[in-house]
Amino acid sequence: MEIVEAKEIIRDMAMAGVTGMSFTAGEPFIYFDDLLEMVDLCREKNIYTRIVTNSFWATTPEKTEHMLGTLKKRGLSQLRMSCSKWHQQHVPRQNVLNAARGCIATGIDYFISFVTDFSEEDDEYESFFRDNKLKFFPEPVIYAGRAGSLARKEIFTDYQENRCTMNPYLAPDLSMYACCDAGSHFSNTDFFLLGNLKDNSIDLLFRKSETNPLYNCIRSIGVTAIASFAGMKARDIVTYRKCELCKKLFDSPETLKILQDSSGLELQRWVR
Ligand code: SF4
């Protein structure tokens, strides 16, 4: 995407009332000069900014501090570093530490997304964060995209609600989805696809996201109750992670039809 177009979109997003934006998907720091311009514009428009990165660029403390200091001056609000046994096959762990320390030194809020499949071999990463007193949040790996080929481990969760806030996601081809990147991989039904910005206004796409009855059920009732309503056994439901359960329900044309037919009232009343 050309920077001129990206900035145009940011202006339109601001007009539509967007107050927070995350630069993600792939590695945004490859386009560092463009990032500076976009973060700058977001600050001008009072938009909170976050950049998601694998920290490949944070090779030395000096270089890291310089880059983050520059971003801070342009108005960056938060940095989110991805870290996992998969990311660290390509980027030294020390880079993540440099990035975290650089954030502390320059006054940028940060946290580490610790992507994990909860296996024992991930313990050393957790110890690394704790030993270095880093702020981190474990996040279950989402078996979509490149992670789709990983062997999925069986789990048993609590019977949790699995509600989801669903932040809209704008892809480089200007397709907009009602949920994060994982939602763009529901290729059987395109359930989360709102439309493309080339053919629709931002306002219209946001309105679709906010008024779709099934999306609102995901936000309010939660995916677990919807699964039970759709006929899944409780014993099966607790073997699914949140996004996997979502995919099972909404990427199946048959189940989606049942849910769409009932999302007017019946499903919305499926509460205690
Ligand atoms: S639960 Fe569904 S809506 Fe929420 S992030 Fe996962 S795939 Fe997206």
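These are my notebook entries on a predicted model of one protein chain.

**Ground rules**

I number residues from 1 along each chain, as its sequence is written. In this predicted model, local features need pLDDT of at least 70 and side-chain atom pairs count only at pLDDT 80 or more, while totals for chains, interfaces and linings use all residues.

**Overall build**

I started with the secondary structure and found eleven helices and eight strands in the protein chain. Helices (H or I, at least four residues) and strands (E, at least two) are DSSP runs, numbered from the N terminus. The radius of gyration is 20 Å, close to the 19 Å from the globule rule for 272 residues, so the chain is as compact as a globular protein of that length. For the record, that radius is taken over C-alpha atoms, and the rule is 2.2 Å times the number of residues to the power 0.38. Along its principal axes, the C-alpha trace spans about 60 × 45 × 30 Å.

Next I looked at burial: 30% of the 272 residues are buried. Buried stands for 20 or more other C-beta atoms within 10 Å of a residue's own, exposed for 12 or fewer, and partly exposed for in between, with C-beta atoms placed from the backbone.

**Two domains**

The chain divides into domain 1 (3-141) and domain 2 (160-272), with bounds from an automatic or database domain assignment. Their centres, taken over C-alpha atoms, are 27 Å apart. Five residues from domain 1 and five residues from domain 2 make the contact; two residues are in contact if their C-beta atoms, placed from the backbone, lie within 7 Å. On the domain 1 side I noted four nonpolar, no polar and one charged residues. Here Ala, Val, Leu, Ile, Met, Phe, Trp, Tyr, Cys and Pro count as nonpolar, Asp, Glu, Lys and Arg as charged, and the others, Gly among them, as polar.

**Around the ligand**

Which residues are around the ligand? I listed Cys164, Met166, Cys179, Cys180, Ala182, Gly183, Ile218, Val223, Lys242, Cys243 and Cys246; each has its C-beta atom, placed from the backbone, within 6 Å of the ligand. Nine of the shell residues are nonpolar, one is polar and one is charged. Helix H10 (residues 242-250) gives the largest share of this shell, three residues.

**Cores**

A nonpolar core is a set of buried Ala, Val, Leu, Ile, Met, Phe, Trp, Tyr and Cys residues joined through C-beta atoms within 7 Å. The largest one has 33 residues, and Tyr177, Ala178, Cys179, Val223, Ile226, Leu245 and Leu249 touch the most other members. H10 supplies the largest share of this core, five residues. A second, separate core holds 29 residues, including Phe23, Val96, Ala100 and Tyr110.

**Two positive phi angles**

Methionine 166 is not a glycine, yet it has a positive phi of about 55 degrees. I placed methionine 166 in the loop between strand E5 (136-140) and strand E6 (169-170). Is methionine 166 buried or exposed? It counts as buried, because 20 C-beta neighbours lie inside 10 Å.

Asparagine 46, also not a glycine, has a positive phi of about 60 degrees. Its loop runs between helix H2 (32-44) and strand E2 (48-53). Asparagine 46 is exposed, with 10 other C-beta atoms within 10 Å.
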